[in-house]
Amino acid sequence: MPRKTMIEAIREAMDVAMERDDNVVVFGEDVGYFGGVFRATQGLQQKYGTSRCFDTPISELGIVGTAIGMAAYGLRPCVEVQFADYVYPAYDQIVSEAARLRYRSNGQFTCPIVVRMPTGGGIFGGQTHSQSPEALFTHVSGLKVVVPSNPHDAKGLLISAIADPDPVIFLEPKRLYNGPFDGHHERPVTPWAKHELGEVPAGHYEIPLGKAAVRREGKALTVLAYGTMVYVAQAAAEDTGIDAEILDLRTLLPLDLDAIVASVKKTGRCVIVHEATRTSGFGAELAALVQRHCFYHLEAPIIRVTGWDTPYPHAQEWDYFPGPARLGKAMIETMEA
Amino acid sequence: MSEDAPLRFHVPEPEVRPGDRPDFSNVKIPQAGTVRRPRIDEDAEQFRDLAYSIIRVLNRQGEAVGPWAGTLGDDELLQGLRHMMLLRAFDARMLMAQRQGKTSFYMQHMGEEAVSCAFRKALRDGDMNFPTYRQAGLLIAGGYQMVDMMNQIYSNEADPLKGRQLPIMYSAKDHGFFSISGNLGTQFVQAVGWAMASAIKGDTKIAAGWIGDGSTAESDFHAALVFASTYRAPVILNIVNNQWAISTFQGIARGGSGTFAARGLGFGIPALRVDGNDYLAVHAVASWAAERARKNLGPTLVEYVTYRVGAHSTSDDPSAYRPKTESEAWPLGDPVIRLKNHLIVRGMWSDERHKQAEAEILDEVITAQKSAERHGTLHAGGKPSARDMFEGVYAEMPPHLRRQRQQAGV
């Protein structure tokens, strides 16, 4: 089976979706002729023409707003916001419009759009190219929020997202675009070509939204992670030697609560890790759910390991980033509690 | 030390305030029939005069004059009068219903009936409007059932939107009426997207976006213009300038630009200003813009110069910010009376027939109201089920919502 980068897998997903359904259109800043600044849409305009894949003015509001109108017409727009940090001008369109259109019109109009955006740090992007805004979207009824952690999932999840009848926020951890980040920033990145999760089947396949995946089986502790943090969790488990179970959530909304509850009930301990700032972050939701559903099985307090409550600094990126050292410390603390 | 005088902060103010004498001397009104009618493929650079003037057809004698006259036949004119009278009667009854506590909120169209009623007649079935909250005339003139509008206003058991939307925030896809948002301006750029989709699919349908003078300050307005211009979307971009954004006069959103229509010129979009109280002029301009869109010539920006006679909504009291008699001083008159006078001049109508029509229309509205109220009002009678609250957030209800529905016990 061919191995691909996450970028290639994402591109293949759009290719497959565009080939299967004439109503799928792809657009955004630089995505047409050039193929996107991360090259995720490279070749799509040449293959499908300028009416299916095109460049737009620098207006995230315009990209998402027109996508909503197109979806109301009957198309399936899959649009790119160049960095998740740029999504805020489009926030009102996503939150007040895309998310609510089905509900407020009682199904007369629907909004099957996908908004793709590179997210997270680890590439020295500073505070305007490193943000993880997932909690801003998981708080919104009517949206679905997906964060893949590898090329295989990215392709299957994106194909599912494009086929989904509701709006999907698709957050792509850009630290993982070219290879898995194995948790230690000083270690060289393993290319996806040498990683089993770089195996990407050709053609069409779907990974259902709302289903988590167990990345490492264990009995002592559950780590809830997604995106880049899945690899940080693996490194922390290796470093500490703790028999940790690592759950890759993959979809944050809707959330696979059954998988979380089953794992935490088995291990009796839970550490949550995410890159976004802590206060009111998605980890708070996870902690509340675990507390509610697994209280009598918990043998230690739930700990959150997250980015600090500061903007993402440029020079201090790796001090901000919740790496395996911080996570490992929390895992040991949990085991000793 | 600087020798410059201190800078002064500028905040625009309307000419008059409560207690002052109404003054519309700043509204420059050309004589009916004097503004030219350009070719539909004329270059946007040639539109400066049309973006600063006001296209008018009906003169003070009630005659239709000039190059924009003649787009409507006798029956269409009679129908237009009927639609405007229906909308006015509907408004009056629903305003009263709100005062009687049958619903929470209402917004009336008084003075602006011609804009949406005449515009609708320039569209075809299958075209899509992305309206704001004062274009119910699109539904009335499109043959949508008043009883369904009332059910929506009452949020009763027959409400097509199951009680989820504020009153008057209708949605009627089959009637070319997009779901109304409470966040202003958002629909303007969505209209452009819908029109782009129609062009992408090689369809023949066109879209119309609607925005008020105040909401043109939203970024969505500018995004809509740049996307419409860039992709030559088959869309009519309508700005209804009714002078007031709740209590804020149109000069605040307009800033230093000459007119709202003039904003189209910088985007290379042909722009026209039209007398929004002149049913014939509105229809003529809308037809012109629709033809441009259908012939693949791209977007048109239209500013409707009109006046919001009533309050912004049932939660507003305009006497607090403008002279009470200002609406009477509005120089473009009442759209219903102007069309009525035109029909009388043409020998097709009379005061007696008008009175009779008013009575018939009132009966029709009351009948619809009784029928709607049989399904309940906001606080009495049938209402949508609490179970409906959880439906339709997603195509398929996800597990967390199912759990919450169980928790709510519905």
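## Confidence of the model

Chain B has a mean pLDDT of 97, and 100% of its residues reach 70 or more. The structure is a predicted model, with an ipTM of 0.96 and a pTM of 0.97. Where pLDDT is low, predicted coordinates should not be read in detail.

## The interface between chains A and B

The size of an interface is often given as the accessible area lost when the parts come together. Between chain A and chain B this buried area is about 3,600 Å², and carbon and sulfur atoms give 63% of it. On the side of chain A, the residues that lose the most area to chain B are A:Tyr73, A:Tyr103 and A:Arg104, which together account for 22% of what that side buries. In terms of contacts, 42 residues of chain A meet 44 residues of chain B.

## The side of chain A that touches chain B

Several elements of chain A each supply at least two residues to the side that touches chain B: β2 (53-55), α3 (60-73), α4 (91-98) and α5 (101-104). The largest share comes from α3(A), with 10 residues. Sorted by residue type, this side of chain A has 19 nonpolar, 15 polar and 8 charged residues.

## A:Met117 in a strand of chain A

A:Met117 belongs to strand β4 of chain A, which covers residues 114-119. Is A:Met117 buried or exposed? A:Met117 counts as buried because its relative accessibility is 0%, and the cut-off for buried is under 20%.

Leaving out residues up to four places away in sequence, A:Met117 touches A:Val81, A:Phe83, A:Ala84, A:Val87, A:Phe137, A:Ile169, A:Phe170, A:Leu171 and A:Glu172. A:Val79 is 38 residues from A:Met117 along the chain, and the C-alpha atoms of these two residues are 8.6 Å apart.

## B:Gln243 in a loop of chain B

In chain B, B:Gln243 sits in the loop that joins β3 (235-241) and β4 (244-245). B:Gln243 has a relative accessibility of 8%, so B:Gln243 counts as buried.

Which residue has its backbone oxygen 3.1 Å from a polar atom of the side chain of B:Gln243? That residue is B:Thr306. B:Thr306 is also one of the residues in contact with B:Gln243 when neighbours within four places in sequence are left aside; the others are B:Asp213, B:Thr248, B:Phe249, B:Gln250, B:Val305, B:Tyr307 and B:Trp330.

Conventions
Residues are numbered from 1 along each chain as its sequence is written. Chains are lettered from A and ligands numbered from 1 in the order in which they are written. This is a predicted model: local features need pLDDT of at least 70, side-chain atom pairs count only at pLDDT 80 or more; totals for chains, interfaces and linings use all residues. Side-chain values use heavy atoms; hydrogens and water are left out. Contact means heavy atoms within 4.5 Å. Buried area is the accessible area (1.4 Å probe) that two parts lose on being put together, summed over both. Helices (H or I, at least four residues) and strands (E, at least two) are DSSP runs, numbered from the N terminus. Ala, Val, Leu, Ile, Met, Phe, Trp, Tyr, Cys and Pro count as nonpolar, Asp, Glu, Lys and Arg as charged, and the others, Gly among them, as polar. Buried means under 20% relative accessible area, exposed over 50%, partly exposed in between (1.4 Å probe, protein chains only). pLDDT is the predictor's confidence in each residue, from 0 to 100. A polar contact is a pair of N or O atoms within 3.5 Å; within protein, one must be able to donate a hydrogen and the other to accept it, and residues adjacent in sequence count only if both atoms are side-chain atoms.
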